[in-house]
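Here is a short tour of one protein model, written for someone who likes to look at side chains. Keep the viewer open and follow along.

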Amino acid sequence: KLTKSSITDKIEEEHLSIPEDTPLDYARINAIRKLVKEMLDEKGLRYGTVDYQLEQLQGGSARIVFNISEGGKVRIYDIEFDGNTVFEDGKLRRTMKKIRQHWMFSWATQHDVFKQELFDEDVEKLRARYWKKGYKDIFVQEPVMEITDHTTEKMRRKNVKRAKKGKAPKEDLRLKLTIPIYEGRAYKMGEFGLVDNKVLRESFYADTFPIKPGEPYDLGQIN
């Protein structure tokens, strides 16, 4: 859950604070709105909403009140890939270490909550797996997200009671990720050559180069 201090700290970090007695800046207000929504998404609260209202004060002043509804936490229950022919979905899912499908111990790892920076780390692992096979042009796109609500009627009735006590609802919101992939074609290492090497002979570099002619062109090793 988000706390007031975590929100204000993030606003200050992004230099979006609104000083008192300054002209109303709708661009900055909407930037704060977007920032808080991103914070909710990072917590897995993708059904959360952020709105604001202006409360008129005396002397032509106004107070900005942000209304944040966190909603229930959305957890990843299904990860699929689109466009992959070299590796099956299961192998690609196992390659991903930070973003995983929900399982019995997800409460401890929190890997079933989508976070962009963790997804980006897993994208690098996916690329590395393809590079080892010579697919240097592999391109992993941003996932298509589909959220479905599996909250039962029994849970909804309990949520009414929770709301009366000021508690957040407990919902069963499930996220499906479909990750588009462009594999390209596989390449193999060709001839090795150097230009302008004046100190060491070409054979020295050729002997230490990690890929030999005819082997898969592993861009990871070359990098």
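Counting charged pairs gives 13 salt bridges in this predicted model. Side chains of opposite charge can pair when their charged atoms come close.

| K10 | E14 | 3.9 Å |

Let us begin with K98 and E121. This bridge ties together distant parts of the chain, with E121 in helix α5 and K98 in the loop between α3 and α4 (106-109), 23 residues apart. E121 has a relative accessible area of 34% and is therefore partly exposed. K98 is partly exposed as well, at 27%. Elsewhere, salt bridges with shared partners bring K10, E13 and E14 into one network. Within it, K10 has a relative accessible area of 26%, which makes it partly exposed, and E14 is partly exposed at 38%.

Because the two residues are four apart in helix α2, about one helical turn separates K37 from D41. D41 comes out at 16%, so it counts as buried, since the cut-off for buried is under 20%.

That brings us to helix α2 itself, which covers residues 26-42. Its 17 residues reach 24 Å from the first C-alpha to the last, close to the 24 Å expected at 1.5 Å a residue. Which residues of α2 are buried? They are I29, I32, L35, V36, M39, L40 and D41. The packing partners of these buried residues are α1 (4-13), β1 (49-56) and β2 (62-69).

Now for the rings. Searching the whole structure turns up five aromatic pairs. One of them joins F87 and Y130: the ring centres are 4.9 Å apart and the planes meet at 85°, so this pair is edge-to-face. Here too, distant parts of the chain are linked, since F87 lies in the loop between β3 (74-82) and α3 (89-95) while Y130 belongs to helix α5 (residues 116-132), 43 residues away. Both F87 and Y130 are buried. W103 and F105 make another edge-to-face pair, with 5.2 Å from centre to centre and 80° between the planes. In this second pair, W103 is partly exposed, having a relative accessible area of 46%, and F105 is partly exposed at 38%. Ring pairs also gather F87, Y130 and Y135 into a cluster.

Finally, look for charges placed over rings. The charged end of R174 sits over the ring of Y77, at 4.3 Å from its centre. R185 lies over the face of Y187, with 4.8 Å to the ring centre.

Notes:
Residues are numbered from 1 along each chain as its sequence is written. This is a predicted model: local features need pLDDT of at least 70, side-chain atom pairs count only at pLDDT 80 or more; totals for chains, interfaces and linings use all residues. Side-chain values use heavy atoms; hydrogens and water are left out. The expected span of a helix is 1.5 Å times one less than its number of residues. Buried means under 20% relative accessible area, exposed over 50%, partly exposed in between (1.4 Å probe, protein chains only). Contact means heavy atoms within 4.5 Å. Rings of Phe, Tyr and Trp (its six-membered ring) pair if their centres lie within 6.5 Å; planes under 30 degrees apart count as stacked, over 60 as edge-to-face and the rest as tilted. A charge sits over a ring if NZ of Lys or CZ of Arg is within 6 Å of the ring centre and within 35 degrees of the ring normal. A salt bridge is a side-chain nitrogen of Lys or Arg within 4 Å of a carboxyl oxygen of Asp or Glu.
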